[in-house]
Amino acid sequence: MSCSAEIDRKFMRRAIDLAMRGRGRVEPNPMVGCVIAKGERIIGEGFHERFGGPHAEPNALAACTEPPQGATAYVTLEPCCHTNKKTPPCVPALISTRIGRIVVGCVDPNPQVAGQGLLQLREAGIVVEGPVLEAEARQLIAPFIAGVSFHRPYVTLKWAESADGKVAGPGGQRMWISNERSRQIVHELRSRCDAVMVGIGTVLADDPLLTARGAPVLRPLLRVVLDRELRLPTGSRLANSQEMGKVIVYCEQRIYERETEKRKRLECQGIEVVAAPLDDRGVPQKLSLNSILSELGKRNVTHLLVEPGPTLAGSFLVEGLADRVWVFRSPKRIQDPNTPRAATVPKLFIETGRGSVMDDTLLEFLNSRSDVFFAPVTSADLLLM
Ligand SMILES: NC(=O)c1ccc[n+]([C@@H]2O[C@H](COP(=O)([O-])OP(=O)(O)OC[C@H]3O[C@@H](n4cnc5c(N)ncnc54)[C@H](OP(=O)(O)O)[C@@H]3O)[C@@H](O)[C@H]2O)c1
Ligand SMILES: [Zn+2]
C-alpha cells in the first residue's frame, strides 16, 4: 500500500472514531465523522453531534485552525446535497471553502443523495476519492441503510442465556439470568432504538415494562407485542404504562374483527391494536414478521430491538430477518431440563465481537446474508459498550 493510501486509511479511521461519539444522540440519523487534513497534519475535526444539529462537515470546517483551502476532507459518508431537511446541504459549503480533495467512507444510500453529492463535488473541480474503509463506514450506519434502502428496521435480537443455554429460572420461573451491568447495557440499547418488540409468551411469563430505565431517552420508544389471539392481559404492566411510551399490539385479522370487546378494552387503555396478516408457512400459524417489519418501517422505525423468547427468536432466525444478535452469556447454571432453551444462532451468523460485562460475556453475531448489509466488523454499540 502506498504511503498516501495509508494516510487516507488512518484519517478515515479517525473520522469513524469521531462519528461514533454521536452514538445515542443522532439516531435515527446516521453517525458521521469528518477530519480535515493538510498532508499528514489534521487542521480540523467534527462529527454529527445530535439529531437536527449541524452535520459533521460544517462542524469540522468551523473547527479548522487554519484556512481549509486545498486541504483534504475525510468524511465517513458522502456529503449531502439535498435541501428538504433541517440543515443546509454540505456540498455547497465544501465547494465554497475551496477544499481540494474529498475522501469518503461510503456512498450515501439515501436515494435523494446516492452519488449526486460526489458528482456535484467533482463538477466543482474537487478531487473525489474512496470508498476507504467502506465496511466499517457502512457498519456505522446500518440502521440508516435499512430505513432508506429497504423501508424496514434494522433488527437486533438480544437475549440472556445461562452457561447451560437456558433462558429462564428452574421450572421456567422468572429470573434474572444476566447481571446488573448487562441489564443496564440493554436499557441503554433500548434508548437508542425506535422500538422494542416481544412475543406474547414473554409478556405472559415475565410481565415486562420494556422501558429504558437509567438511560437518557432522547426519542420516543415504541413498545410492540406480537399477539395473534389478543391475549395481552389488561392488568399487565405494558397495558398500564401508556405514559411511559406507546404500545402497539399486532394480532390476527380474524381476531381483530371477532374479539371487539377485548380489543376495545385495550384501546381504551391507550394501546393501538393493529391487524396483521398470517405467515402462510408452517403450523401453528404465526403473524407474518415480514409484513410487521414493513409496517414498522412506515412508522419510521429504523432500529428495532427484539427481546425474544426462544419461539420468537427462532422465527426471526429461521426467516433470516435478524441482522444482528446479541447474547449475554452468564456463568450461572440452571440445570433443569424443563426450563426453555435459548434459540441456536445459525452458522451464517458470524461472530463479530465479544466483551466481558463483569462475569457475563456479551457475544455479537452479524447475519452474513442480511439484505441490509454485512461486513465482519464489530458494531459501534459493542465497541463503545
Ligand atoms: N433470557 C432472556 O433473555 C429471555 C427473553 C425473553 C423471554 N425469555 C423467557 O422465554 C420464555 C418465553 O418464551 P416463548 O418462546 O414462550 O415466547 P416468546 O418467544 O416471547 O413469544 C412467542 C409467542 O409470540 C407469538 N408470536 C406471534 N407471531 C409470532 C411469530 N411470527 N413467531 C413467533 N412467535 C410469534 C406466538 O403466540 P401467538 O400465536 O399467541 O401469537 C408465540 O407463541 C419465558 O420463560 C421468558 O422468561 C427469556
Ligand atoms: Zn450534510
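This is a predicted model: local features need pLDDT of at least 70, side-chain atom pairs count only at pLDDT 80 or more; totals for chains, interfaces and linings use all residues.
Residues are numbered from 1 along each chain as its sequence is written, and chains are lettered from A and ligands numbered from 1 in the order in which they are written. Local features need pLDDT of at least 70, side-chain atom pairs count only at pLDDT 80 or more, totals for chains, interfaces and linings use all residues, and side-chain values use heavy atoms, with hydrogens and water left out.

Reader: What volume does the largest pocket have?
Author: A pocket is an open set of points on a 1 Å grid over the protein atoms alone, where a 1.4 Å probe fits, with protein on both sides within 12 Å along at least five of seven lines; lining residues have an atom within 4 Å of a point. Points are joined across faces, edges and corners, and the volume is the space filled by probe spheres set on them. For the largest pocket this is about 1,300 Å³.

Reader: Which residues of its lining are the closest to the centre of the largest pocket?
Author: The lining of the largest pocket divides into 23 nonpolar, 12 polar and 13 charged residues. Here Ala, Val, Leu, Ile, Met, Phe, Trp, Tyr, Cys and Pro count as nonpolar, Asp, Glu, Lys and Arg as charged, and the others, Gly among them, as polar. Of the 48 lining residues, the closest to the centre are T202, D206, E307, P308 and G309.

Reader: Which element gives the largest share of the lining of the second largest pocket?
Author: The second largest pocket has a volume of about 880 Å³ and is lined by 40 residues. Helices (H or I, at least four residues) and strands (E, at least two) are DSSP runs, numbered from the N terminus. Both α2 (56-62) and α6 (142-150) supply at least two lining residues; the largest share, 3 residues, comes from α6.

Reader: Why is the pair of F11 and Y74 classed as it is?
Author: Rings of Phe, Tyr and Trp (its six-membered ring) pair if their centres lie within 6.5 Å; planes under 30 degrees apart count as stacked, over 60 as edge-to-face and the rest as tilted. The centres of F11 and Y74 are 5.4 Å apart and the planes stand at 65°, so the pair is edge-to-face.

Reader: How many residues apart in sequence are the parts that F11 and Y74 tie together?
Author: F11 is buried at 3% relative accessible area, and Y74 is buried at 2%; buried means under 20%, exposed over 50%, partly exposed in between (1.4 Å probe, protein chains only). F11 lies in helix α1 (residues 3-20) and Y74 in strand β3 (residues 72-77), so the parts are apart by 63 residues.

Reader: Are E307 and K158 buried or exposed?
Author: E307 forms a salt bridge with K158, the closest N and O atoms being 3.8 Å apart; the rule asks for a side-chain nitrogen of Lys or Arg within 4 Å of a carboxyl oxygen of Asp or Glu. E307 is in the loop between β11 (303-306) and α12, and K158 is in strand β6, 149 residues apart. With a relative accessible area of 11% for E307 and 12% for K158, each is buried.

Reader: Which residues do salt bridges that share partners join into one network?
Author: E364 and R324 meet in a salt bridge at 3.7 Å, N to O. E364 is in strand β14 (residues 360-367) and R324 in strand β12 (residues 324-329), 40 residues apart. The network consists of R23, R192, R324, E364 and D381.
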